[in-house]
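Here is a short walk through one protein structure. Keep the sequence and the 3D view side by side as you read.

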Amino acid sequence: MTAQTVQQGDLVTVIGLEVHVQLETDTKIFCGCSTERTDEPNENVCPVCLGLPGALPVLNEAAVEAAVKIGKAIDADIPEETRFHRKNYYYPDLPKNFQITQYDEPICADGELEISVEGDRRTVTVERAHLEEDPGSLQHVGGGGGIDSAEYTLVDYNRAGTPLMEIVTAPDFRSPAEVRAFLAELEEVLEYLGVFDAERDGSLRIDANLSIIPAEEIDGEDTAEIGAEALAAANRTEVKNISSHKGAQKALAYEETRQKNAIQRGRAVEQETRHWDESRGITVSMRSKEEEKDYRYFEEADLPPLRVSGWKEEIAIPELPTARRERFEDEYGLSDEAASKLTSTKQVADFYEDVAGEYDPDLAATWVADNLLGELNYRDMEITAIEGRLEEVTRLVELVATDEITAKNARETVLRSMLDDGRTPDEVVAEEGLGKTGEDEVKRAVVEAVEENPDAVADYESGDDGAINFLVGQVMQKTGGSADPGDVNQLLRAELED
Ligand SMILES: [Zn+2]
C-alpha cells in the first residue's frame with residue numbers, strides 16, 4: 001500500500017475482524033456425529049454434543065489437519081503443543097454451559113494474508129487462529145419473530161460441535177472495501193485448501209470492530225501504522241451478525257458513516273456491541289457484551305494437550321490462489337484480469353489448465369474465462385457441472401482455432417446447446433449445419449447479393465457506406481449465418497470496386 005500520511009481534519013477508519021469459519025469435515029470436532037445438514041432438527045446428536053453428564057470429548061483429527069493447513073497457508077507459527085480451554089457462559093444453544101475453545105495457546109499465531117485493493121497490494125496480519133466448537137442454533141417462532149419479540153424459541157443441536165476456526169486479524173483495515181477484499185481472498189484460500197464450503201449456509205460468520213480516529217491524535221503518522229495509544233483512546237463498536245463479504249462491506253460502510261457523523265457533530269461514539277440488520281441495512285445497538293474476564297476460561301481437563309510436531313510437517317497444501325495467479329501470468333502470458341478470473345476457484349483453475357494443456361492457452365483463456373464462465377453464470381451453474389466434459393470444451397476451442405466454425409456460432413449456438421441440451425460440439429455443428437461455408441460458396445453468395453440488390457449497390461457507389469451492412473446481411477442470410485461477417489465485408493468491397 002502506498003504510504004498515506006494523515007492530514008489535518010482527517011478521520012481515519014480502523015477495522016479489525018474475527019472470522020468464524022466452519023471447517024468441512026465429515027464428523028463433528030469432539031464426537032462422531034455427522035456434520036451433514038439436515039432439515040430434521042436434533043437428528044445428528046449424541047451424548048457428547050448434547051453435553052450429557054459423563055460424556056467425554058475425543059478430538060477429530062481431520063479438524064486439526066484443516067487447522068494446520070490454514071496455518072501453513074497464512075504462514076503462521078504452529079506451535080509444537082497447544083491446549084483447549086472451556087469458555088463459560090450460559091445460553092440455550094450451549095448445552096454444556098461452556099464452549100470448548102482455545103485461549104492463550106492457539107494452534108496458529110502471527111500469520112498474514114496478502115490482499116489487493118484497487119491495484120494496491122497490502123498485507124493483513126492474522127494475530128491468531130484457533131479451533132473451537134460451534135454452538136447449536138436457535139429458531140425464534142411466532143410473535144415478531146425476533147429474539148425479543150417471538151412467542152417461543154426452538155433449539156436445534158445439529159450444528160453443535162461443528163468444527164470452527166476463529167481467525168482474528170490485527171486492526172489493519174482502513175476501509176470497508178479492504179475488509180471485503182480480505183474476506184474474498186480468505187474464502188478463496190480456504191476453498192483451495194478444501195477445508196471450507198462457501199455455499200453452505202452460515203459457513204462464514206464475521207464480527208468486526210470499527211473505530212474512527214481523529215487526525216489530531218495521529219497527526220503526520222502513516223495511516224498504515226496507527227499507534228496502539230491512539231487506538232486504545234478511541235471508542236470502538238463491535239458489529240455482529242455479518243455473514244458474507246458483501247454484507248461486511250455494507251455493514252461497515254454504514255457503521256463508518258454513523259460514527260463519522262457523530263464525531264463531526266461533536267457527539268461521543270458509544271463503546272458498544274451492535275447487530276447488523278441485513279434486511280434493513282442498518283446496525284442496531286445490543287445489550288453490552290460480556291468482557292473476556294467474565295468467561296472464566298478453565299483448562300479443558302477432558303482433553304490432553306495437542307501435539308502436532310512430527311505430523312504437521314507431513315501435511316501438504318496445494319498451490320494457493322496468489323501463487324497460481326502469478327504463475328498463470330508468467331507461464332501462459334495471461335493478463336492480470338484473466339488470471340484472476342481463472343483462479344477464482346480451484347475448480348476453475350484446474351479446468352482451465354486442463355484445456356490450456358490441450359490447446360492454445362490464450363484462446364483457452366478467452367473461452368474459459370469469458371464465454372464458458374459467462375454462460376455458466378447466466379444459468380446459475382458451477383464449473384463442476386461441466387467437469388466431466390473437458391474433451392468437449394477442448395474440441396469447441398479447437399473448432400474455433402481451426403476456423404471450422406465462426407466464434408459467434410461457437411458461442412451462441414454450440415456452447416449454449418452443450419449446456420442446455422447436453423449435445424457434443426460435433427453433434428451441434430452437424431445437426432445445425434454450422435460448418436463454416438467454404439470460400440467459393442461465400443464468393444458466390446457475394447456475387448448474387450450484388451446482382452439482386454442494385455439499389456443498395458447504387459447507394460454504396462454514391463457514397464453511402466452504410467449500404468454495405470445491408471449487403472453483408474444478405475450474404476449472411478444466404479450462407480445460413482456460417483460465414484465470417486468480416487470476411488464477407490471485405491469480399492463485398494472487393495466485388496464492388498471491380
Ligand atoms: Zn455428537
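The text below goes from domains to cores, then to a helix, a sheet and some aromatic rings.

This is a predicted model. The domain assignment of the protein gives three stretches: domain 1 (11-314), domain 2 (321-432) and domain 3 (439-497). Domain 2 and domain 3 have C-alpha centres that lie 33 Å apart.

The largest nonpolar core has 101 residues. Leu17, Ile107, Leu131, Met165, Phe182 and Tyr352 touch the most other members. Helix α2 gives the most to this core, with nine residues. Domain 1 (11-314) and domain 2 (321-432) each supply at least three residues to this core.

Leaving out residues up to four places away in sequence, Tyr352 touches Phe328, Tyr332, Leu334, Leu342, Pro361, Ala364, Ala365 and Val368. Two residues in that list, Phe328 and Tyr332, are buried residues of helix α5.

Now follow α5 itself. This helix covers residues 321-332. At 1.5 Å a residue, its 12 residues should span 16 Å. The end C-alpha atoms are 16 Å apart, so the model agrees with that expectation. The buried residues of α5 also include Pro321, Thr322, Arg324 and Arg325. What covers the buried residues? Strands β5 (108-117) and β6 (120-133) do so, and so do helices including α2 (176-193), α6 (336-342), α7 (346-358) and α8 (361-378). Just after α5, Gly333 takes a positive phi of about 65°.

Turn to a sheet. Three strands form an open sheet in the order β4-β3-β14, with antiparallel pairing. Its edge strands are β4 (98-101) and β14 (298-299), and each pairs on one side only. Strand β3 (residues 85-88) pairs with β14 over two bridges. In this pairing, His85 stands opposite Glu299.

The whole structure has eight aromatic pairs. One of them joins Tyr89 and Tyr295 edge-to-face, 5.9 Å centre to centre, with 65° between the planes. Tyr89 lies in the loop between β3 and β4, and Tyr295 in the loop between β13 (282-285) and β14, so the pair ties together parts that are 206 residues apart in sequence. Tyr295 has a relative accessible area of 7%, so it is buried. Tyr295 also pairs with Tyr297: the centres are 6.2 Å apart and the planes at 70°, so this pair is edge-to-face too. Tyr297 is buried as well. Ring pairs link Tyr89, Tyr103, Tyr295 and Tyr297 into a cluster.

Notes. Residues numbered from 1 in each chain as written. Predicted model: local features only at pLDDT ≥ 70, side-chain atom pairs only at ≥ 80, totals over all residues. Heavy atoms only, no water. Helix = DSSP H or I, 4+ residues; strand = E, 2+ residues; numbered from the N terminus. Expected span 1.5 Å × (residues − 1). Buried < 20%, exposed > 50% of the residue type's maximum accessible area, 1.4 Å probe, protein only. Contact = heavy atoms within 4.5 Å. Domains from an automatic or database assignment. Core = buried A, V, L, I, M, F, W, Y, C linked by side-chain atoms within 4.5 Å. Pairing = 2+ DSSP bridges. Phe/Tyr/Trp six-rings, centres within 6.5 Å; stacked < 30°, edge-to-face > 60°.
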